[in-house]
Amino acid sequence: LGFFGRMTFSCLVDADFRDTEVFYGRAERKVVDRDWPTLPAIVDRLIAAFDDHMAEKRRAAADTEVNRLRAEILAHVRVGAGKPTGLFTFTVPTGGGKTLASLAFALDHAKRHGLDRIVYAIPFTSVIDQTAAIFREVLGGDVVLEHHSAIELDSARKERDFDEGVSDAKLRLAMEDWAAPIVVTTNVQLFESLFSNRPSRWRKLHNLARSI
């Protein structure tokens, strides 16, 4: 009941912020761009992009035992993606291809069950930078939101191709409510959304519904 109350309040808070935003946008004759493609509408394209990326990696990779194990792990998790929604664990040693394999699972699982969003929560910002860069390389920068406390959009754009095709303003707005189809964030951001007592933090909570 407590979580149901939080989820309901999240919907209310986000709707209130959005309505206020629309009102002032009309008053100031500004067009607010916060629309992202929905995951169900693009999941087939993302899976095709992932498959193309992996096919290219296989062509360039040597036939080693490690690479064969990586391929087996990837095949295993993709079969598992067809299972009913629930809690899954994925324990693989370093170098086993967890990042790409978990992305494949998430995409296939989302397609199978019509899920609306993929949220990838990681403990350390340094790993987030690396993971988000891989996701952008595989899927494109226009579907991935990288969100953590250390991010500085202006300097990040100078250092790398950051979310190509998405404006700074749109990225900042998406950080408020995680509207993007794929979100790469920290455990801190995730748990603050679940348990914080600040309405601005709660805006993201309702977008965890029907997410993997």
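This is a predicted model: local features need pLDDT of at least 70, side-chain atom pairs count only at pLDDT 80 or more; totals for chains, interfaces and linings use all residues.
How many bridges join strand 1 to strand 3? Five. Strand 1 covers residues 118-122, and it runs parallel to strand 3.

Strand 2, residues 144-147, is joined to strand 3 by four bridges. That pairing is parallel too. Val144 stands opposite Ile182. Glu146 stands opposite Val184.

You get an open sheet of three strands, order 1-3-2, with parallel pairing. Strand 1 and strand 2 are at the edges. Each has a single partner strand, so one side of each lacks a neighbour in the sheet. On average, neighbouring strands here are turned by 15 degrees against each other, direction ignored.

Back to strand 3, residues 182-186. Is this strand buried or exposed? Buried: five of its five residues are. The cut-off for that is under 20% relative accessible area. So strand 3 is largely enclosed by the rest of the structure.

Take the faces in turn. In a regular strand, side chains alternate between the two faces of the sheet. In strand 3, Ile182, Val184 and Thr186 are on one side. Val183 and Thr185 are on the other. Both sets are buried, and both faces of the strand are covered.

Last, a helix. Which strands does helix 5 lie across? Strand 1, strand 2 and strand 3. Helix 5 spans residues 125-139. Against strand 3, helix 5 runs at about 170 degrees.

Notes: Residues are numbered from 1 along each chain as its sequence is written. Side-chain values use heavy atoms; hydrogens and water are left out. Buried means under 20% relative accessible area, exposed over 50%, partly exposed in between (1.4 Å probe, protein chains only). Helices (H or I, at least four residues) and strands (E, at least two) are DSSP runs, numbered from the N terminus. Two strands pair if DSSP finds at least two bridges between them. Axes are lines fitted to C-alpha atoms, for helices over the stretch in contact, and angles run from 0 to 180 degrees between N-to-C directions. Contact means heavy atoms within 4.5 Å.
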